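Have a look at the chain below.

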Amino acid sequence: MELYIKAAEQNLPQAQNNLAFMYANVFQDNEKAKYWFQRAADNGYEPAVEVLKGIK
């Protein structure tokens with residue numbers, strides 16, 4: 001988890017998406033999940049864009 005956070009903070013969209021997935025499915029923290037999905041989407045990661053369409 002610590003490494004995903006570090007990678008996500010460095011704007012690596014796949015790490016941001018994976019971190020969001022973990023927040024959503026492992027920790028049930030939807031606010032943090034949305035935040036990281038949005039960051040990944042803002043960085044052009046299409047799978048995150050698709051997830052956000054489903055949860056908005």
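What follows starts with the whole chain and then moves to single residues.

This is a predicted model, where local features need pLDDT of at least 70, side-chain atom pairs count only at pLDDT 80 or more, and totals for chains, interfaces and linings use all residues. Residues are numbered from 1 along each chain as its sequence is written, and side-chain values use heavy atoms, with hydrogens and water left out.

## Overall fold

The chain has four helices and zero strands. Along the sequence the pattern reads α-α-α-α. Helices (H or I, at least four residues) and strands (E, at least two) are DSSP runs, numbered from the N terminus.

The C-alpha atoms fill a box of roughly 25 × 25 × 15 Å, taken along the principal axes. The radius of gyration is 10 Å, which agrees with the value near 10 Å for a compact globule of 56 residues. That radius is taken over C-alpha atoms, and the globule rule is 2.2 Å times the number of residues to the power 0.38.

Of the 56 residues, 29% count as buried. Buried means under 20% relative accessible area, exposed means over 50%, and partly exposed lies in between (1.4 Å probe, protein chains only). The chain exposes about 3,800 Å², and carbon and sulfur atoms supply 53% of this area. Accessible areas come from the Shrake-Rupley method with a 1.4 Å probe; for residues, only the protein chains shown count as cover.

Contact means heavy atoms within 4.5 Å. Among contacts with a separation of 6 or more, residues 24 or more positions apart account for 29%.

## The core

The largest nonpolar core has 12 residues: Ala8, Leu19, Ala20, Met22, Tyr23, Ala33, Trp36, Phe37, Ala40, Ala41, Ala48 and Leu52. Helices α2 (13-25), α3 (30-42) and α4 (46-55) are the elements that give two or more residues to this core. Helix α3 gives the most, with five residues. Such a core is a set of buried Ala, Val, Leu, Ile, Met, Phe, Trp, Tyr and Cys residues joined through side-chain atoms within 4.5 Å.

Ala48 is one of the core residues. Not counting residues up to four places away in sequence, Ala48 touches Asn17, Phe37, Ala40 and Ala41.

Asn17 lies in helix α2. Is Asn17 buried or exposed? Asn17 is buried, at 10% relative accessible area. Leaving aside neighbours within four places in sequence, Asn17 is in contact with Phe37, Ala40, Tyr45, Pro47 and Ala48. The C-alpha atoms of Asn17 and Ala41 are separated by 8.3 Å, with the two residues 24 apart along the chain.

## Salt bridges

Side chains of opposite charge can pair when their charged atoms come close. The structure holds two salt bridges. A salt bridge is a side-chain nitrogen of Lys or Arg within 4 Å of a carboxyl oxygen of Asp or Glu.

| Lys | Glu | Closest N and O atoms |
|---|---|---|
| Lys6 | Glu2 | 3.6 Å |
| Lys53 | Glu50 | 3.2 Å |

Lys6 and Glu2 are four residues apart in helix α1 (residues 2-9), so about one helical turn separates them. Lys6 is partly exposed, at 44% relative accessibility. Glu2 is exposed, at 56%.

Lys53 and Glu50 both lie in helix α4, three residues apart, about one turn of the helix. Lys53 is exposed, with 58% relative accessible area. Glu50 is partly exposed, with 42%.

## Surface patch and loops

Which residues form a nonpolar patch on the surface? Met1, Val26 and Phe27 do, with about 290 Å² of accessible area together. Patches are made of residues with over 30% relative accessible area and no salt bridge: like charges are joined within 9 Å, nonpolar side chains (Val, Leu, Ile, Met, Phe, Trp, Tyr) within 5 Å. Val26 sits in the loop between α2 and α3. Val26 counts as exposed, at 52% relative accessibility.

Most residues other than glycine have a negative phi. Asn11 has a positive phi of about 65 degrees although it is not a glycine. Asn11 lies in the loop between α1 and α2 and is partly exposed, at 40% relative accessible area.

Gln28 is not a glycine either, yet has a positive phi of about 50 degrees. Gln28 is found in the loop between α2 and α3. Gln28 is exposed, with 56% relative accessible area.
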